[in-house]
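Colleague: I have a structure on my screen and would like to learn how to read it. Could you take me through some features, one at a time?

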Amino acid sequence: MRLDTYMKMRHLGHATAFYLLAMLAGCGSGGGQADNSGLPARDNTAEVQEYYKTKVSIPPAVREDLERGKITQEELDKRSAAGEFPKFFRYATPQDIPADLVWEDGSDLPEFASPEAKKGGTLHFWIDDFPRTLRTTGPDANGSFRPYILDDNAMLFARRHPNDTSIGPSGFHYYPGVAEAWAVDRANKQVYVKIDPKARWSDGEPITVDDVFFTFFFYQSSYIRQPWYNNWYTRSYTGVTRYDNLTFSIGMPEMKPDVVAHVLEVDPIPAHFFKELGDDFPERYQWRFQPTTGAYVVRDEDIKKGESMALTRNKDWWAKDKKFWRYRYNFDRIYLSVIRDTPKAFEAFKKGDLDMFGLTLPDYWYDKLPSSDPLVQDGYIAKAVFYNQIPRPTYGLWMNESRPLLDNRDIRVGIQYATNWDMVIQQYFRGDYTRMRTTSDGYGEFTEPTIQARGYSIDKALDAFAKAGFTKRGPDGILVNDAGQRLSFTVTTGYDNLRDVLTILREQAAKAGLEFRIEVLDGTAAWKKVQEKQHDIQFTAFAVSQEMYPRYWETYHSVNAYDQAFLPDGSPNPNRKPKTGTNNLQAIAIPELDRMIETYRASGDAAEMKRLAFDMEKILYDDASFSPGFVMPFFRTGYWRYIRWPEGFNVKLASTANEYWLAWYDADMKKEVEEARKSGKTLPPMISTYDQYRDQ
């Protein structure tokens with residue numbers, strides 16, 4: 001479970017991603033080197049130390065009472081001051097570590113990168129807009145550039161093995177990153193971690209428990225302007241204990257089936273870099289590259305405003321010879337040109353200016369670069385299909401129940417039946433994709449097995465709309481009610497490349513008397529609109545992380561729908577206002593669902609969690625505010641022949657070709673391809689399907 005990945009977004013039109021993974025399709029404008037000359041000097045050392053001394057651990061049940069309005073913040077503060085709750089930050093000695101712990105280090109797991117990989121060369125790639133910031137947290141940080149510097153770069157304490165997906169006593173299997181070893185104390189709900197003594201930030205500073213403490217200060221702080229992080233790092237942990245400079249433990253309120261993931265997949269924060277953290281965090285750190293645990297860094301001279309971004313492999317990276325990491329991150333540089341038009345980027349790829357291009361969309365795979373294309377047949381450009389096994393991104397229509405008409409379930413059910421996803425799959429996606437069934441497809445035994453998404457039916461749509469008072473068609477065929485109100489909604493998206501999908505949906509919906517007004521915005525604007533809850537219906541997808549079980553609190557609990565969803569007596573609050581900046585895009589507020597979510601979050605029993613997950617999916621199906629779209633069981637990519645890959649191409653959990661950075665640059669092959677093109681010599685075509693992980 002990537003603790004940050006729930007908010008991670010990607011998109012298909014971006015050549016790096018091959019997936020339309022979310023709301024944030026672009027990065028926006030802006031850029032430039034850091035200039036903090038106009039900001040006052042700041043040192044937060046005293047504030048941070050005081051926080052460590054005074055921060056207490058609030059039990060989840062008490063925190064949920066606060067969220068529901070059963071107790072006030074003033075009441076909670078009095079209880080905290082009276083010493084009712086234990087300290088969150090704690091200090092102990094190595095002698096306090098239980099002697100009977102069983103330490104693990106993942107050394108028995110197999111490596112998954114190729115020992116044949118070569119270091120060197122520059123990978124030429126593209127991004128469709130210039131990043132708004134180098135921050136990985138805070139306003140505008142969830143852009144499509146973020147995976148390069150965080151999600152697919154940072155080591156974390158340990159990472160889930162991407163091929164051995166079996167489940168052990170403590171969850172999935174992990175290989176070490178910043179951690180040297182770890183152990184689980186189930187009786188006391190603690191996970192212990194030893195930091196690798198060699199671990200260093202990219203600026204050379206050692207990684208210590210001081211950084212672990214600061215990680216919690218950082219993510220619990222309002223300075224970062226990320227309520228999701230604030231909640232997660234407060235609700236999900238009971239405290240952190242320091243035993244020495246390199247050893248710590250983290251406590252949790254529940255021992256979930258994947259307990260180690262909640263600790264090992266934490267990405268530590270460099271305390272020394274954020275000594276100036278304060279209210280002006282977004283501005284102060286806008287263009288300052290945060291020291292990383294990973295292989296790639298961004299230098300000031302590599303930021304060309306509006307033109308390009310580059311990443312440079314850190315030649316002094318502390319983990320360059322470490323097992324599981326040594327044969328990855330092979331390119332010396334990754335050069336990202338800003339190309340705002342996808343067809344232009346594709347032409348740049350065919351000319352050889354770009355080394356790779358995502359071909360998952362059918363028109364690129366079948367029409368624009370068919371296998372009969374001379375560049376493919378002559379063996380210069382290779383094509384590959386790779387089937388993966390991951391929880392599936394939630395592509396579909398997200399209906400905002402706080403908007404007029406959409407608060408009526410009959411309207412939402414009608415929209416379900418009026419939305420022709422099967423035609424989209426057959427016509428636009430050439431039958432390569434499948435229909436999504438639930439909000440949590442791809443979680444194995446945690447995915448509800450019986451629900452089937454509603455199919456397209458004009459008759460059923462008309463019946464549902466009639467129940468809501470829409471029985472007459474206007475002159476253009478769109479239904480109206482007795483007040484003359486049209487059955488019309490704006491469908492917003494940040495997916496310019498999928499404009500034709502919405503065209504199909506609009507034409508088919510009109511046959512059922514429903515008007516979809518299509519609004520295609522740039523990715524940043526689309527994300528801003530949905531986060532402000534100003535959308536009617538959003539065509540988007542969350543890039544769900546590779547977890548053991550789905551999450552429900554973030555997207556479906558009422559505390560993320562409204563400022564105060566219910567009155568103290570449990571009835572809906574007539575004055576409630578949608579809560580902005582959360583992932584409850586549908587403004588769902590169902591007391592029964594809230595109770596299930598809270599039980600699910602608190603449970604450590606896998607059987608109980610499965611039962612609850614199934615029951616919650618049935619409630620969500622009945623609510624009908626999410627119209628499940630499609631599932632892509634693979635990604636497709638094109639690349640010039642001199643970009644090489646391991647045998648088998650990629651790992652089971654890869655959602656994009658470069659997520660694990662397994663490829664490398666073959667300079668000798670580059671020379672051979674260039675000479676062949678000049679002389680007209682052909683090479684054997686390379687058209688490959690890797691289906692070793694395909695669902696049977």
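Modeller: Let's start inside. The second largest cavity is lined by 19 residues, and W232, K256, H262, Y549 and R601 lie nearest its centre. A cavity is a set of points on a 1 Å grid over the protein atoms alone where a 1.4 Å probe fits but cannot get out, and lining residues have an atom within 4 Å of a point. Please keep in mind that this is a predicted model, where local features need pLDDT of at least 70, side-chain atom pairs count only at pLDDT 80 or more, and totals for chains, interfaces and linings use all residues. Residues are numbered from 1 along each chain as its sequence is written, and side-chain values use heavy atoms, with hydrogens and water left out.

Colleague: Which helix gives the largest share of the lining of the second largest cavity?

Modeller: That is α18 (591-602), with three residues. α6, α17 (553-556) and α18 each supply at least two. Helices here are DSSP runs of H or I with at least four residues, strands are runs of E with at least two, and both are numbered from the N terminus.

Colleague: What is the volume of the second largest cavity, and what classes of residue line it?

Modeller: About 260 Å³, where a volume is the space filled by probe spheres set on the grid points, joined across faces, edges and corners. The lining has ten nonpolar, two polar and seven charged residues. Ala, Val, Leu, Ile, Met, Phe, Trp, Tyr, Cys and Pro count as nonpolar, Asp, Glu, Lys and Arg as charged, and the others, Gly among them, as polar.

Colleague: And which residues lie nearest the centre of the largest pocket?

Modeller: A pocket is an open set of points with protein on both sides within 12 Å along at least five of seven lines. In this model, Q389, I390, G442, Y443 and G444 lie nearest the centre of the largest pocket, out of 30 lining residues. Its volume is about 710 Å³, and its lining has twelve nonpolar, eight polar and ten charged residues.

Colleague: How do I read two helices that pack together?

Modeller: Two packed helices are described by the angle between their axes and the distance between the axes. Here, the axes of α1 (residues 45-54) and α5 (residues 209-220) come within 11 Å and cross at roughly 90 degrees. Axes are lines fitted to C-alpha atoms, for helices over the stretch in contact, and angles run from 0 to 180 degrees between N-to-C directions. E47, V48, Y51 and Y52 of α1 meet D210, F213, F214, F217 and Q220 of α5, with contact meaning heavy atoms within 4.5 Å.

Colleague: What about backbone angles?

Modeller: Most residues other than glycine have a negative phi, and most peptide bonds are trans. Y329, not a glycine, has a positive phi of about 50 degrees, and its place is in the loop between β11 (308-313) and β12 (333-338). A587, in the loop between α17 and α18, has a positive phi near 55 degrees.

Colleague: Is A587 buried or exposed?

Modeller: Buried, with a relative accessible area of 6%; for Y329, also buried, the value is 1%. Buried means under 20% relative accessible area, exposed over 50%, and partly exposed in between (1.4 Å probe, protein chains only).
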